[in-house]
Amino acid sequence: KKAKEQIKLASLSKDSIFAKMGWSLSSSSYYSQNQLEPLSASSDTRGGYWNVSADISKPFLWGGQFGIENSITSSTLDLTSKTSYQFEQGLSYYQNLGKNFFGRETYKALAIAEREIGVQKITESFILENKTLEFYNYYINVSLEKALLNLEKNALARAKKRSELIRGWVKDGLKRKVDWQQSVMTELQGAERVEMANLRMKGALDSLSKLLHRRVSIREVKTLRSNKLRSPRSSLKPLENKNLKVMAEKLKQLRMSVEKADYSFAPTINSYVTYNTNQYDESIGTSFSKGAIWNSDNQYTVGINLTWPLGFKSEKIEKSKLLVQLNSLQRQQRESFENLKLDYYFLRQQLFRLDESLKSSVKRLSLSKDILKEYTKLYDLGQMDLDQVIRAEEMRIGTETSIVNYRSQKEKLLASLHNVKGSLRNALNRN
């Protein structure tokens with residue numbers, strides 16, 4: 001959710017640039033009573049004045065701004081006691097030809113905002129990839145404990161069956177009572193192990209439920225019998241890892257910010273053209289109708305404004321900060337890639353050794369089953385002690401446990417390998 005919120009914020013930042021290009025209205029009014037002493041009778045402007053103005057303007061992405069200005073002024077001179085009205089209307093257009101030359105700063109800001117959306121989307125993918133790994137490891141823990149519980153239950157079932165057989169033989173005088181007692185003790189120990197395995201499974205299930213913020217049923221988790229994931233075949237490439245992708249996008253964004261910072265070293269140059277009309281009249285209606293922009297009483301103005309900071313000290317500081325960030329991120333990217341290559345190499349080495357151990361355990365399991373079967377036959381014939389049968393049973397249980405643990409470790413290693421390559425979610429979706 002947090003990642004999606006960041007994407008939304010990045011989108012809103014881009015939208016805010018477009019929002020600033022909307023129409024705006026500004027208005028003002030005033031009343032003035034002038035009783036200042038005039039220099040001469042001809043310059044006597046004592047009297048009352050009021051003014052109302054309303055201007056409409058709209059900026060554009062290309063660095064221009066269009067405006068419409070309207071103003072009505074009422075003048076009542078004490079000298080004549082007459083009231084006259086002046087209506088003024090004007091059109092203006094300003095164009096930036098310097099730092100924001102035809103909107104290059106604005107367009108670059110839009111491109112940076114768009115890149116930020118891309119950064120946040122890849123960041124979301126990176127977070128989801130890591131969350132998937134975390135979830136899958138918790139899931140494998142539950143699957144492992146469920147498999148171990150089934151092994152203990154199977155061992156307990158064999159112990160119960162053995163106890164029943166020995167009990168019958170003891171009644172028939174074929175076996176000693178101590179054999180039956182020993183088998184019952186093994187059965188009780190098996191029941192304890194089942195209970196402990198059940199507790200471990202519930203603990204793993206509780207951890208998974210907390211991670212998902214909901215109650216997870218054991219029926220939702222499959223027993224670990226074989227490995228679901230397959231080992232990635234290709235070597236690690238720089239832009240496969242999600243974190244490296246995020247860094248690559250941020251580097252592109254920083255380079256664009258440096259380009260935008262370069263624009264700051266140009267002066268601010270605004271060219272403009274204005275057109276104004278006006279009309280004085282004792283009738284406010286006539287003043288409005290004759291003072292509009294089609295009036296022949298008009299004025300044209302063309303000009304240019306230039307602002308040039310001397311030294312560009314603050315601009316140089318801002319660019320230096322961006323360059324430091326850029327170099328730092330480039331170093332982090334190189335170091336991260338080297339570390340990920342090492343992680344990938346060592347994970348594959350661990351996987352190779354684990355496969356060898358797994359193959360060996362599978363062979364041991366086959367042998368332990370044969371040994372247990374043979375020992376049981378010899379015990380039935382009275383040619384072997386029960387202790388040896390129990391030891392053979394424990395050897396089988398230990399080997400089965402090793403195989404399940406190896407498979408669990410292998411699945412986690414495979415998940416980590418896919419996570420390094422950024423392909424875990426796709427790999428799980430394929431299976």
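Reader: What is the handedness of the crossing of α2 and α7?

Author: The crossing of α2 and α7 is right-handed. Keep in mind that this is a predicted model.

Reader: And what makes α2 roughly antiparallel to α7?

Author: The axes of α2 (residues 104–171) and α7 cross at roughly 170 degrees and come within 10 Å. Angles over 145 count as roughly antiparallel, so α2 gets that label against α7. As for the residues in the contact of α2 with α7, they split into 14 nonpolar, nine polar and nine charged.

Reader: Why is α6 called roughly antiparallel to α7?

Author: Here α6 (residues 313–380) packs on α7 (residues 386–421) at about 160 degrees, the axes being 8 Å apart. The cut-off is over 145 degrees, so α6 also counts as roughly antiparallel to α7. The crossing of α6 and α7 is left-handed, and their contact has 21 nonpolar, 10 polar and 10 charged residues.

Reader: On to charges. How do you know that Glu114 forms a salt bridge with Lys14?

Author: The closest N and O atoms of Glu114 and Lys14 are 2.3 Å apart, and the limit is within 4 Å, so the pair qualifies. Glu114 sits in α2 and Lys14 in α1 (residues 2–19), 100 residues apart.

Reader: Why is Glu114 called partly exposed?

Author: Its relative accessible area is 37%. Buried would need under 20% and exposed over 50%, so Glu114 falls in between. Lys14, at 22%, is partly exposed as well.

Reader: What makes Glu259 and Lys108 a salt bridge?

Author: Their closest N and O atoms are 2.6 Å apart, which is within the 4 Å limit. Glu259 belongs to α4 (residues 242–263) and Lys108 to α2, so the bridge ties together parts 151 residues apart in sequence.

Reader: Is Lys108 buried or exposed, and how do you know?

Author: Lys108 has 16% relative accessibility; under 20% means buried, so Lys108 is buried.

Definitions and conventions:
Residues are numbered from 1 along each chain as its sequence is written. This is a predicted model: local features need pLDDT of at least 70, side-chain atom pairs count only at pLDDT 80 or more; totals for chains, interfaces and linings use all residues. Side-chain values use heavy atoms; hydrogens and water are left out. Axes are lines fitted to C-alpha atoms, for helices over the stretch in contact, and angles run from 0 to 180 degrees between N-to-C directions. Helices (H or I, at least four residues) and strands (E, at least two) are DSSP runs, numbered from the N terminus. Angles under 35 degrees count as roughly parallel, over 145 as roughly antiparallel, 65 to 115 as roughly perpendicular and the rest as oblique. A crossing is left-handed if the near helix is turned anticlockwise from the far one by less than a right angle, and right-handed if clockwise. Ala, Val, Leu, Ile, Met, Phe, Trp, Tyr, Cys and Pro count as nonpolar, Asp, Glu, Lys and Arg as charged, and the others, Gly among them, as polar. A salt bridge is a side-chain nitrogen of Lys or Arg within 4 Å of a carboxyl oxygen of Asp or Glu. Buried means under 20% relative accessible area, exposed over 50%, partly exposed in between (1.4 Å probe, protein chains only).
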